[in-house]
Amino acid sequence: MKRMVSGIKPTGELTLGNYLGAIQNFVRFQDDYELFLFVADLHALTTPQNKTVLRKRIKDVVAMYLACGLNPNKVTLFVQSEIPAHSQMSYLFESHSYVGELSRMTQYKDKIAKNTNDSMHVSLFTYPVLMAADILLYDADFVPVGDDQKQHVELTRTIAERFNHRHGDFFVVPEPIIPPLGARIMDLQEPTKKMSKSDISDKGFILLMDDLARTKNKIKSAVTDSDTVVRYDVKNKPGIANLLTIYALLSDSSIEALERKYASQSYQAFKSDLADVVEQTLAPIQAKYKEIITSPLVDQVLDEGLAKASDIAYKKVRKANQLLGLGRKR
Ligand code: TYM
């Protein structure tokens, strides 16, 4: 069975973007791949965190993974920081990556463009190196992620190839898996911008735990255009294209079928139906989440995942140290 690795940062509540770009695909892949999924809590430290909130969010992510349909008997779930090999491997990779290539990372460039007071953490710069460690420690064949993480997975490939070239074939060179639809769910108010949990205005994103009545209103007040035709045209009708994408993914229908269905209907009717579809998706997830978060399941699953993942990761980093001539033992 081919192996997949992916993770989510616990830096806010999960959005519909996380669900459609990542979690929904993990659920689909779990039967056919060996899936390692983790909460990327070390990555959260790139910006200051309140420790009580962070600790709660780590478990929230796992409860949400389970509520969305991940089966703990099939997937390995764990917390990144509980496995020291992630930080250790990341350090080794800092000596296999170049300042130039990290400076070219789009997310990093966006962050420095916004940071005016020179107080950005070094970890925001080295972040993709840690991500490479997360992936390469487990010899992943594939990395299912949304579009915004593709560049980081490409850097991961470069690091793996460089390491293999210098020290002999040691890492599997992984491939990103970007969903053909839903890889970049857009902000409902500014549909040319990615839907993000770190947004200031909360009308642009839908949280998986949002109050359902509020969620429906957010869909109904989503920005569209002055045209009247429900048609998929990302360039000229980004708002409608985004809503069509969400609708198609949540209802398992094609964009074309939806365009036909709403050919002679108003935007209002289209949005109202989509609001119902979103509600029908989120209601059972929220109910399951509430059940799971108060049960011992999350800790049980994470303890089992830790045992399995740490064994693999520890062996890999120990071997990497040896290959580099570190320590005394061969
Ligand atoms: P994070 O926590 O920002 O996002 C988690 C996953 O959700 C996807 N995603 C989206 N997909 C579609 N539309 C959106 N609006 C949207 N917003 C988020 C992301 O692409 C991602 O797949 N660095 C990663 C976490 C990470 C990781 C890894 C992932 C750390 N190590 C190793 C894969 C492999 C991150 O910050 O994702």
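Visitor: What are the ground rules for the model and its numbering?
Guide: The model is predicted, so local features need pLDDT of at least 70 and side-chain atom pairs count only at pLDDT 80 or more, while totals for chains, interfaces and linings use all residues. Residues are numbered from 1 along each chain as its sequence is written, and side-chain values use heavy atoms, with hydrogens and water left out.

Visitor: Why is Tyr98 called partly exposed?
Guide: Buried means under 20% relative accessible area, exposed means over 50%, and partly exposed is in between (1.4 Å probe, protein chains only). Tyr98 has 42%, so partly exposed is the label. Contact means heavy atoms within 4.5 Å, and Tyr98 has Arg162 and Arg166 as contacts once neighbours within four places in sequence are set aside.

Visitor: What makes Lys308 and Glu34 a salt bridge?
Guide: The test is a side-chain nitrogen of Lys or Arg within 4 Å of a carboxyl oxygen of Asp or Glu. Lys308 and Glu34 come in at 3.6 Å, N to O. They sit 274 residues apart, Lys308 in helix α13 (residues 297-323) and Glu34 in strand β2 (residues 34-39); helices (H or I, at least four residues) and strands (E, at least two) are DSSP runs, numbered from the N terminus. Arg3 joins Glu34 and Lys308 in a network of salt bridges.

Visitor: What separates Asp311 and Lys315 in helix α13?
Guide: About one helical turn, because Asp311 and Lys315 are four residues apart in that helix. Their closest N and O atoms are 3.3 Å apart, and they form a salt bridge. Lys315, at 44% relative accessibility, counts as partly exposed.

Visitor: What makes a set of residues a nonpolar core?
Guide: Its members are buried Ala, Val, Leu, Ile, Met, Phe, Trp, Tyr and Cys residues, joined through side-chain atoms within 4.5 Å. The largest one has 64 residues, and Tyr19, Tyr65, Leu77 and Ile246 have the most contacts inside it. Helix α12 (residues 267-293) gives the largest share, 10 residues. A second, separate core of 37 residues includes Phe93, Tyr108, Phe170 and Ala313.
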